[in-house]
Amino acid sequence: MLQFLLDVLIRTSDLLLVSVGLSTLYSLIRFPNVAHVQYAMLGAFLSLAGQRAGLPLGLAAALSCVLVGCLAVLLNIFVFMRLLRSGSAVAMIGSLAVSLIAVALVLSTAGSRPLQYTQDISAPLTLDGVAVSSAQAGSIACGALTLLIFSVLLYRTNLGRSMRALASNRALALASGIDANRVTNLITFASGVLAALGGTMLGLTESVHVNLGNNLLIPVFSAAILGGLGNPLGAAAGALLIALAETLVINVDFGSLVGRSMQFFPVAYVSAVSFLILLVTLMVRPYGIFDREVRRV
Amino acid sequence: MKLRRWGIEAFVTLCFGLSHLPDAHADVSVGAVLPLTGSSASIGEDQRRGIELAVAKINAQGGVLGQKLQVRIEDSGGGANTALDAARKLATVDHVPVVLGEFSSSITIPVGQFLVRQGDVHVNIGSSSQQIRKIGPGSFSVIGLDNLSARFAAQDVFDRKLRRVAFIAPNNGYGQGIADEFKKRFEALGGTVAALVLYTEGQSTYRRELEQMARANPDAYVYSAYGQEAATINRQAYDMQLNRSPWYGIYLTMCTSDTPPQIARGQIGLEVASGGAGAKAYEEAYEAAYKEAPRSAFGSYAYDATMLSAAAINYAHSTDPAKIRLAFDALGEKYAGVTGTISFDSDGQRIAQPYEKVSFKQTVAAQ
C-alpha cells in the first residue's frame with residue numbers, strides 16, 4: 001500500500017507543476033497553450049546546459065527557470081497575443097507550431113539520446129521496505145513546497161487577487177484599474193518558471209530527453225481540464241487523480257481473467273487512461289470537476 | 001552563331017566524357033549504415049572503429065583489386081527512416097555494391113530488404129532478430145541470431161539455479177523475438193518467466209515497467225536493452241533497490257555501455273565472443289589506435305564483415321554485386337575471422353556463434 005501511495009505521489013509530482021502553470025495561464029489567456037509542455041523540456045535542457053557549463057545544479061535550475069519564464073513572456077507578447085486576435089483556435093495551432101519548433105531545435109542541438117544530470121549516486125532511502133531515491137523524495141518535496149508558495153501568491157497577495165479578478169470578470173477588473181498587461185506578464189513568467197522547474201525535476205528523477213514535453217502533453221492537459229482549466233489548485237487535484245488512475249490501472253493484476261498467474265495492463269498503453277479520463281470529463285463535466293469553484297472566483 | 005553552338009556542344013561533350021572516364025586511381029567503395037547518434041551511439045562508434053581498423057589493415061596489405069578500399073559510413077540516427085535514406089544514398093548515389101549495418105534489428109531489416117531489392121549485398125553486423133533470416137538472398141549475417149543467443153541465455157540462467165525470472169526487452173522486432181525465444185527455451189527447461197514486459201523505446205522513464213516486474217517477485221531480472229535506454233532502466237532499478245536480485249543481461253556490453261559502473265557492478269550475462277584467430281591482434285590494434293580496450297564485441301563483427309567484404313570483392317575480381325554475392329557464398333563456407341569461424345547456412349546466416357559468460361566488474365569481463 002505504501003508502495004502504491006508513493007508511486008501516486010511520484011507521478012503527481014511529475015505532472016503537478018506543469019499542469020498548475022498551464023491552468024493558471026489559461027485563466028488569463030484563454031487558449032490551450034500546447035507549447036507549455038515544451039517549456040518543461042526546454043527547462044530541463046537549460047538546467048543541464050548550465051550544469052555542464054560548471055554551475056551547481058541548484059543555480060543552473062534557477063537560471064533555467066528565469067530564462068524559460070522570460071521566453072514564455074516574449075512568446076506570449078510577440079506570438080500568442082497576436083494570434084489570439086484571430087481566435088483561440090488559431091492561437092492553439094500557433095502554439096503547436098512553436099512546440100514543434102522547440103522540439104526540432106533541441107533535436108538538432110542536443111540530439112535524441114536521453115541525457116542525465118551529473119549527480120552523486122547514493123543508495124536510495126527505505127521507508128518500511130519501500131525504496132525511494134533522494135531525487136524522487138526531493139521532487140515530491142519541491143512540488144509540494146512550490147504549490148504552497150504558489151497558493152500563497154494567488155490567495156494572499158495583490159498580484160494573486162488581481163489575477164483572479166481578471167480571470168473572473170475581465171471588464172470589471174479593468175474598470176477597477178488593474179494593469180492587465182503587467183498581471184498577465186507576471187503570471188506568464190510564473191507559469192514558465194513552474195514548467196521549467198517541473199521539467200528539471202523530471203530530468204532528475206528520469207532523464208533529460210527531447211520527448212519529455214511530448215510525453216507530458218496528454219496527462220498534463222487531462223489534469224488541467226479535469227481540475228477545470230483556469231483553476232490552478234484544481235489542476236493540482238487533477239494531477240493527483242490522473243496519477244491515481246494511471247497507477248491503479250498498471251497495478252491491477254487481471255491474470256485470473258486470462259488464465260495466467262500474473263497479467264498487468266501494458267505500460268506502453270497507459271496514456272489511454274489519460275485519454276479516457278479526458279474524454280469522459282469533457283463529455284460529463286466540460287468545465288472540470290471543480291467547475292462551481294471556478295465560477296465562484 | 002554556328003561557332004557558339006559548336007562551342008556549347010564541345011563543352012557538354014567534354015564534361016560528359018570527363019565524368020565517364022575511368023579513373024586509374026578510383027577507390028573501391030563499400031557502404032555502412034551505423035547508429036552514430038541515438039540510443040545505441042556508443043555501440044555505433046565501436047562498429048565504426050572496427051571498420052576503420054579493417055580498412056587500415058586491408059589498405060596496408062595492398063587494398064582491394066589493387067586499389068584502396070574506402071568505406072562510406074552513414075549515420076542512421078537510431079531510426080529506420082534516416083537509415084533507409086542513408087542506404088538509398090549509398091546504393092543509388094555512391095553505387096556501392098556492399099552495405100554493412102545496422103545494429104537494431106528493427107532498422108537492419110528494412111535496410112536489408114531495400115538493399116536486396118536493389119540487387120546489392122547486405123551484411124548484418126549487429127542484429128539478431130529471427131526476422132533477419134527472411135530478408136532474402138543477398139543478405140548475410142556475420143553474427144548469430146536470437147535462436148542461438150536465447151538458447152544460451154536460457155541454459156545459463158537455469159544453470160545458475162534461477163528458476164523464476166522477470167524479463168524486459170524493447171517492443172520491436174528484436175525484443176519480441178528474443179523474448180519469445182527465451183521464454184520458450186527457459187520454460188522448456190523447467191523455469192518460469194513470471195513477468196514479460198516489452199518497453200516502448202525512447203521514453204524518459206521505465207519506472208512503471210520495473211514496478212510491474214517487481215510485482216512478480218522474481219529470483220532474477222533478465223533484460224536486453226539498448227545502451228542509453230538500458231542506462232535509464234538500470235538507474236531506476238537501482239533507485240528501487242531491484243539490484244538486490246541478480247540482473248542478467250543478454251548482450252551485457254550493449255546493456256551496460258552507458259550505465260555508471262557503480263550501478264552496473266555485479267550484473268551477469270552473456271556476450272558474443274570474439275575469440276577467433278587474430279582476436280588478440282585486433283584487441284592490440286584497437287588499443288593502439290584508440291587508447292582504450294574495445295568498448296564492446298560489436299566492433300569486431302564490423303571488422304570481420306569489412307574484411308570478408310574485401311575478400312569477397314577480391315575473390316569475385318569484380319565490384320558487381322551479383323558476383324560478390326556468389327563470392328560471399330563461396331567464402332562463407334569457412335571464413336576465419338576474429339570472431340571465430342564464420343560459416344553461412346543456406347539463408348546466409350551464421351551457423352555457429354560463440355558466446356561467453358560475462359559479468360560486470362569495472363567493465364564487462366569474462367567470468
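Student: At what angle do helix α2 and helix α11 of chain B pack?
Tutor: In this predicted model, α2 (residues 41–60) and α11 (residues 279–290) of chain B pack at about 105°, and their axes are 11 Å apart. Angles from 65 to 115 degrees count as roughly perpendicular, so α2(B) and α11(B) are roughly perpendicular to each other.

Student: Nice. Which residues make the contact?
Tutor: From α2(B) you have B:Asp46, B:Arg49, B:Gly50, B:Glu52 and B:Leu53, while α11(B) brings in B:Tyr282, B:Ala285, B:Tyr286, B:Ala289 and B:Tyr290.

Student: And by class, how many are nonpolar, polar or charged?
Tutor: The contact has 6 nonpolar residues, 1 polar and 3 charged.

Student: Switching topic: how many residues has the largest nonpolar core?
Tutor: That core has 98 residues, with B:Phe182 and B:Ile250 having the most contacts inside it.

Student: Which helix gives the most to this core?
Tutor: Helix α12 of chain B, residues 298–316, with 11 residues.

Student: Back to B:Phe182, what is it in contact with?
Tutor: Leaving aside neighbours within four places in sequence, B:Phe182 is in contact with residues including B:Ala150, B:Val157, B:Phe167, B:Val222 and B:Ile250. There is also a second, separate core of 70 residues, with A:Phe45, A:Leu115, A:Cys142 and A:Val210 among them.

Student: Now the chains: how much do B and A bury between them?
Tutor: About 2800 Å², with 44% of it on carbon and sulfur atoms. Chain B puts 29 residues into the contact and chain A 36 residues.

Student: Which residues of chain B lose the most area to chain A?
Tutor: B:Arg207, B:Arg208 and B:Gln212, together 24% of what the chain B side buries.

Methods. Residues are numbered from 1 along each chain as its sequence is written. Chains are lettered from A and ligands numbered from 1 in the order in which they are written. This is a predicted model: local features need pLDDT of at least 70, side-chain atom pairs count only at pLDDT 80 or more; totals for chains, interfaces and linings use all residues. Side-chain values use heavy atoms; hydrogens and water are left out. Axes are lines fitted to C-alpha atoms, for helices over the stretch in contact, and angles run from 0 to 180 degrees between N-to-C directions. Helices (H or I, at least four residues) and strands (E, at least two) are DSSP runs, numbered from the N terminus. Angles under 35 degrees count as roughly parallel, over 145 as roughly antiparallel, 65 to 115 as roughly perpendicular and the rest as oblique. Contact means heavy atoms within 4.5 Å. Ala, Val, Leu, Ile, Met, Phe, Trp, Tyr, Cys and Pro count as nonpolar, Asp, Glu, Lys and Arg as charged, and the others, Gly among them, as polar. A nonpolar core is a set of buried Ala, Val, Leu, Ile, Met, Phe, Trp, Tyr and Cys residues joined through side-chain atoms within 4.5 Å. Buried means under 20% relative accessible area, exposed over 50%, partly exposed in between (1.4 Å probe, protein chains only). Buried area is the accessible area (1.4 Å probe) that two parts lose on being put together, summed over both.
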